Amino acid sequence: MPNASSWSASSPLLLLWEDSSGTRIFLSLLYAVLAISGTLSNVMVIYLVFSFKKLQTTSNAFIVNGCAADLSVCALWMPQEAVLGLLPPNSSSLRSPEYRLLRGGLLGLGLTVSLASHLLVAFNRYVLITKLPSVYQALYQRKHTGCMIGLSWALALLPVPLLPGLWTLGSAQSDGSSRYTALLLALAVLGQTALLLHCYLGIVRRVRGSAKRVSVLNFHLLHQLPFPAAPPPPRRAQRRLSSVSVLLLCCVFLLGTQPLVWVSLLGFFLRPAPPALQAASWLLLCSLSALNPLLYTWRSEEFRRAARSVLP
């Protein structure tokens, strides 16, 4: 089995060149399943929002923005990984720097905008629940919402030239720029996670500690929260279910993002992690692109009703 240097220098980002072809075939099938399921779920959410006026809200605009970014990973990048895993290791397609840059750019762009959309949705819900409706309406006007979405894509284009450095993540031959690229990636995801947790835990504290929630119960965007909107359960049960839903969303997000953060920090400060651990951490992060549509719609009665109306 090749060492970490040969793996990171010549392989696709998430594929291991092992003597056994069984592992590579399994990974290719896994990418294929994630690509198909993620593409269908993201396209379905986008279609429902554009087809049903009740779903055309500010919160759903950020969700659609995340789905569009996730399509870059599920519909464009993952199918290539699935095919490349079946090619021989000495294939010229794998060694082309232009092609590697294209694949790295697709992955980096999709994941960056997707993570930014997670934060935009969390902040939107935080303002909705914890602030007055007048503050929410002033902040989330149509032009402001469009600027936030455009800014998420503009910021995602800035680090794309750094993506080739991630190919040598953990390699003994990697230069200082690659190691610092991995460090910046870890710190960016760590900061985004801290802000997201602050927003959602603030929502939990507000919901659990509020005796009267008339101002938010009458607000027209309540059904976009990961809480049951109708029929409302008893107040205590509703607060408990709301908290569990938010915490579950946070746990799934942490499971997908934090392994890569700590693997990157380990490789920068101590020693490179084993190639299999690096691949697993990347795979968890990329799998979020297929799970995101379900995370934000599974508790919404409006989404379920719209889906039932279009599915046979």
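Colleague: Let me start with one side chain: does Arg 305 count as buried, partly exposed or exposed?

Modeller: Before we dig in, keep in mind that this is a predicted model. The general idea is to look at relative accessible area, where under 20% is buried and over 50% is exposed, with partly exposed in between. Arg 305 comes out at 40%, so it counts as partly exposed.

Colleague: And which residue does Arg 305 form a salt bridge with?

Modeller: For a salt bridge, you look for a side-chain nitrogen of Lys or Arg within 4 Å of a carboxyl oxygen of Asp or Glu. Arg 305 pairs with Glu 301, and their closest N and O atoms are 3.7 Å apart. Both residues lie in helix α13, four residues apart, which is about one turn of the helix.

Colleague: What other salt bridges does Glu 301 make?

Modeller: Glu 301 also bridges to Arg 304, with 2.6 Å between the closest N and O atoms. Those two are three residues apart in helix α13, so about one helical turn separates them. Then there's Arg 308, whose side chain meets that of Glu 301 at 3.2 Å, N to O.

Colleague: How accessible are Arg 304 and Arg 308?

Modeller: Arg 304 is partly exposed at 31% relative accessible area, while Arg 308 is exposed at 53%. Shared partners then join Glu 301, Glu 302, Arg 304, Arg 305 and Arg 308 into one salt-bridge network. The count for the structure is four salt bridges.

Colleague: What share of the residues is buried, and what share of the contacts links residues 24 or more positions apart?

Modeller: Of the 312 residues, 51% count as buried. Among contacts with a separation of 6 or more, 78% are between residues 24 or more positions apart.

Colleague: Which residues have the most contacts inside the largest nonpolar core?

Modeller: To find a core, you follow buried nonpolar residues that touch through their side chains. The largest one here has 60 residues, and those with the most contacts inside it are Met 78, Leu 107, Leu 111, Tyr 200 and Tyr 296. Seven helices each supply at least two residues: α2, α3, α5, α9, α11, α12 and α13.

Colleague: Take Tyr 296. What is it in contact with, beyond its neighbours within four places in sequence?

Modeller: Tyr 296 contacts Ile 63, His 118, Val 121, Arg 125, Tyr 200 and Leu 249.

Colleague: What about Tyr 136 and Tyr 140: how far apart are their ring centres?

Modeller: The ring centres are 4.9 Å apart and the planes are at 35°, so this pair is tilted. Tyr 136 is buried at 3% relative accessible area, and Tyr 140 is buried at 6%. Ring pairs also bring in Phe 62, making a cluster with the two tyrosines.

Colleague: Last one: which residues make the nonpolar surface patch of about 300 Å²?

Modeller: That patch is made by Ile 25, Leu 29 and Leu 86. Leu 29, in helix α2, is exposed with a relative accessible area of 53%. For the chain overall, the accessible surface is about 14,900 Å², and 70% of that belongs to carbon and sulfur atoms.

Methods: Residues are numbered from 1 along each chain as its sequence is written. This is a predicted model: local features need pLDDT of at least 70, side-chain atom pairs count only at pLDDT 80 or more; totals for chains, interfaces and linings use all residues. Side-chain values use heavy atoms; hydrogens and water are left out. Buried means under 20% relative accessible area, exposed over 50%, partly exposed in between (1.4 Å probe, protein chains only). Contact means heavy atoms within 4.5 Å. Accessible areas come from the Shrake-Rupley method with a 1.4 Å probe; for residues, only the protein chains shown count as cover. Patches are made of residues with over 30% relative accessible area and no salt bridge: like charges are joined within 9 Å, nonpolar side chains (Val, Leu, Ile, Met, Phe, Trp, Tyr) within 5 Å. A nonpolar core is a set of buried Ala, Val, Leu, Ile, Met, Phe, Trp, Tyr and Cys residues joined through side-chain atoms within 4.5 Å. Rings of Phe, Tyr and Trp (its six-membered ring) pair if their centres lie within 6.5 Å; planes under 30 degrees apart count as stacked, over 60 as edge-to-face and the rest as tilted.
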